[in-house]
Amino acid sequence: MLERFASAGAGPSLAYEHADAETLDELHDDAQSCQRCDLYRNATHLVFGEGPRSAEIVLVGEQPGDKEDQAARPFVGPAGRLLDQCLDEAGVDRDRCYVTNAVKHFKYQMRGKKRLHARPNAGEIQRCAWWLGAELELLQPKLVVALGATAVSSLLGTKVKVMRDRGHILHSSAKLDVLVTIHPSALLRIREADERERNRAAFIQDLKEIARFL
Ligand code: URA
């Protein structure tokens, strides 16, 4: 088991202005009218975090996908199903976790009639970090799990690298313990079965770190 606690040393883009909301429900209501960046213009729904108020673990993804945008719920599509399976195999009870995203609106490009995922840019991540910071301030989790580069950049800054730092718990300057790992959708993109299996096992190994905080 990896147990290296290190200081990320990078400035996270989480904002520290305080939100007026005193509960997650109030914060969710406030976020519905968010126009901090332009992504609200083309998205169907804002997708806020979900899970118990008492959650000690917060999992942070990149942004909602097509399915999440339609359902207005995080991680309900293929990546979410894979995440659920891997958490289960890592011995983590998903019902005790709060899941959210670094960016709350779906960013996409039209290809014919399909809406294809497009990566949020640094400005979009930075602006949306205000909501993530407010969620975390209300939740006060013991551990935040950064799934992939966008979440890592929002929580720990751009100096932290997923493939170099994965499996490690870094202290953010917002005084959060952040476990760095890959995004489950990276596994969905691997075509070769053995390689996919190897990477899936490594992801589960990373997620096993969570159990120590439950
Ligand atoms: N990918 C994410 O990062 N978040 C979701 O909610 C769904 C897919």
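**Legends to the views of the protein chain**

**View 1. Buried residues make up 53% of the 214 residues of the protein chain.** The model shown is predicted. Eight helices and eight strands form the secondary structure of the protein chain. The radius of gyration is 16 Å, close to the 17 Å that the globule rule gives for 214 residues, so the protein chain is as compact as a globular protein of that length. A box of roughly 45 × 40 × 30 Å, taken along the principal axes, holds the C-alpha atoms. Of the contacts between residues at least 6 apart in sequence, 76% join residues at least 24 apart.

**View 2. Helix α1, residues 24-31, has a buried side.** The buried residues here are Leu-24, Leu-27 and Ala-31. Because these residues cover an arc of only 60 degrees around the axis, they lie on the same side of α1. An α-helix has 3.6 residues a turn, so residues three or four places apart point the same way. The buried residues of α1 pack against β3 (97-101) and against α4 (122-139).

**View 3. Asp-25 and Asp-29 are exposed residues of α1.** Both are carried by the face of the helix turned away from its buried side.

**View 4. The surface of the protein chain exposes about 10,700 Å².** The protein chain has 30 positive and 31 negative charges. The mean positions of these two sets of charges are 7 Å apart.

Notes: Residues are numbered from 1 along each chain as its sequence is written. This is a predicted model: local features need pLDDT of at least 70, side-chain atom pairs count only at pLDDT 80 or more; totals for chains, interfaces and linings use all residues. Side-chain values use heavy atoms; hydrogens and water are left out. Buried means under 20% relative accessible area, exposed over 50%, partly exposed in between (1.4 Å probe, protein chains only). Helices (H or I, at least four residues) and strands (E, at least two) are DSSP runs, numbered from the N terminus. The arc is that of the directions from the helix axis to the C-beta atoms. Contact means heavy atoms within 4.5 Å. The radius of gyration is taken over C-alpha atoms; the globule rule is 2.2 Å times the number of residues to the power 0.38. Accessible areas come from the Shrake-Rupley method with a 1.4 Å probe; for residues, only the protein chains shown count as cover. Lys and Arg count as positive and Asp and Glu as negative; His and the chain ends are not counted. The place of a charge is taken as NZ of Lys, CZ of Arg, CG of Asp or CD of Glu.
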